[in-house]
Amino acid sequence: LVFLARVDKIAGFFHRLFNSIDAETIMMIVLVVGFFGIRFFGQGVLTMASRNMVMKWFDKRRGFANALLGVFTSLGFSISPKILQLSIEQVSWRNTWLILAVIVGLGFVIFVFIFFRDNPSDAGLKPDGKNVVLKKQKFKSTPDRDFTLKEAIHTYSFWLFNLNMTFFALFATALTFHIESIFANAGFDITVAVSIFLPASVAAVCINFIGSWLSDSMRLKYFLIFSYFSMLLSIFGFVNLEASWGIPVLIAGFGIMQGMFGILIAITWPRFFGLKHLGSISGFAMSCMVIGSALGPFIFSLSNKHYHSYNHIAIILGLIAFVLFLMSFRANNVNDRGV
């Protein structure tokens, strides 16, 4: 964060050091390195580590724990743009970066050092705090044996769930990056464009909380099917924005998709493949999502550049999502084909 806040001074230093390279090129390199750090260590590693820690601390009640986690995560994403915008208006974007650096680099590190424990056994405790038995649960919340990453990636269900999360990262990032241009092409201004995020976030919080709670006693395959359906719904609204029902359908589909994503990314891997290799399995899945989020804005920009519309790429993605939707009916738990 400090690196990005001082990007112009850092670029200037390297420009003087290597005066044969123009300042614009150095500036781009510095920005790429800075955002890679945020993306890899922040949104990637930090998100994965915190989510995996919560999943290790809960077993039978893992879904309920994820419900609470999802509420705070979704609310954080919803209010952060407004808070950051107010901070930028008051103290400038550079000082906003520096304030965030102090909060994250000092405050958060101290908090984690005091409270973070990787496993319940480190504190002499057990998952869930005591023996919990769910009467409606007809399956094991953790498999009898732990899968390695190599074993996991050779299963059919792994790829159906992993592609779902990657698809969400691709579409959600592309929609967010090009939101103003997408709505401008449909005849709407920026106010209408950004207004879709609040109701979508409210829908996501509700879906995530209810779905996570239900996931303690339901098969994850049903959540996957519903997630792919919501993708089709959001794409259908996307390509019909100009219709009176286009925006509400997009909001509903996008909100449900967000909620389902929060459930599947947290609960799937420990339930299907165990806890021993959870880091490597979820890390591989996170890498796929990072690739998807990088490709999304790029392929959407190509569609707009060559066809002056985003609908072409959206329709292609819709066809892919439909195929995956049909395939998801066979995405059973790898430990029990009935689950």
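Modeller: Of the contacts in the chain with a separation of 6 or more, 81% are between residues 24 or more positions apart; a contact here is heavy atoms within 4.5 Å. Bear in mind that this is a predicted model: local features need pLDDT of at least 70, side-chain atom pairs count only at pLDDT 80 or more, and totals for chains, interfaces and linings use all residues. Numbering runs from 1 along each chain as its sequence is written, and side-chain values use heavy atoms, with hydrogens and water left out.

The chain has 13 helices and zero strands, taken as DSSP runs numbered from the N terminus (H or I, at least four residues, for a helix; E, at least two, for a strand). Of its 339 residues, 42% are buried, that is, under 20% relative accessible area with a 1.4 Å probe and protein chains only.

The buried residues of α9 are A200, S201, A204, V205, N208, G211 and S212. They lie on the same side of α9, because their arc around the axis is only 155 degrees, going by the directions from the helix axis to the C-beta atoms. The background is simple: an α-helix has 3.6 residues a turn, so residues three or four places apart point the same way.

Zoom in on N208, which is part of α9. Its relative accessible area is 3%, so N208 counts as buried. Leaving out residues up to four places away in sequence, N208 touches N66, A67, G70, V71, G259, G262 and I263.

A cavity is a set of points on a 1 Å grid over the protein atoms alone where a 1.4 Å probe fits but cannot get out, and lining residues have an atom within 4 Å of a point. The largest cavity holds about 50 Å³, with volume meaning the space filled by probe spheres set on points joined across faces, edges and corners. Its lining is M48, R51, N52, I265, W269, S282, M286 and M289, with at least two residues each from α3 (23-57), α11 (246-273) and α12 (278-307).

Definitions and conventions
1 Å grid on protein atoms, 1.4 Å probe; cavity = no way out; pocket = protein on both sides within 12 Å on 5 of 7 lines; lining within 4 Å. Buried < 20%, exposed > 50% of the residue type's maximum accessible area, 1.4 Å probe, protein only.
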